[in-house]
Amino acid sequence: MTASLHVRPDPVRVYRQSVSHGYESCRLRWWWMSKSDLSRMISQGRAITVGERSAKARRTLTVEQEAEVVAVALELGGVLYAAEALGLSESLVRTILRERGVDYPRAPGGRHGSTAARARVAEYIARRAA
């Protein structure tokens, strides 16, 4: 019941408070959220506000490659399909989308939808190889 009383804050608001007052003030303000959820919201708010990832991010991908991950995920219509096409882990694709403030694309369910998506993945991989 307590969770229903608390509204999930806007990531931009959380990011701005972390910049102006620090992480601990965010922990005190949104005490019902876990540390990991709060940290994710700060990184998502930063990506929305500043337009780039944190300097603390430990990834070998460049900013341009991360933009390609977002574009491929939206083109192919699913996180799993983008991960498969680019040879990345599904969790990395989800992290990049979350940090950029992009909702996860949802592929249509069912056999017909997954068959069409697999065809799009194969087509993308063939274009990339050429």
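1. Basis. The model is predicted; local features need pLDDT of at least 70 and side-chain atom pairs pLDDT 80 or more, while totals for chains, interfaces and linings use all residues. Residues are numbered from 1 along each chain as its sequence is written, and side-chain values use heavy atoms, with hydrogens and water left out.

2. Fold. The protein has eight helices and zero strands. Helices are DSSP runs of H or I with at least four residues, strands are runs of E with at least two, and numbering starts at the N terminus.

3. The protein has 130 residues, and 34% of them are buried. Buried means under 20% relative accessible area, with a 1.4 Å probe and protein chains only. Of the contacts with a separation of 6 or more, 63% join residues 24 or more positions apart. A contact is heavy atoms within 4.5 Å.

4. Helix 2. This helix spans residues 11-21. Its buried residues are P11, V12, V14, Y15, Q17 and S18. Their cover includes helix 3 (23-29) and helix 4 (35-50). G22 follows helix 2 and has a positive phi, near 100°.

5. Helices 4 and 7. How do the axes of helix 4 and helix 7 cross? They come within 6 Å and cross at roughly 60°. Axes are lines fitted to C-alpha atoms over the stretch in contact, with angles from 0 to 180 degrees between N-to-C directions. R40, S43, Q44, A47 and I48 of helix 4 meet R98, E99 and R100 of helix 7.

Key. Buried means under 20% relative accessible area, exposed over 50%, partly exposed in between (1.4 Å probe, protein chains only).
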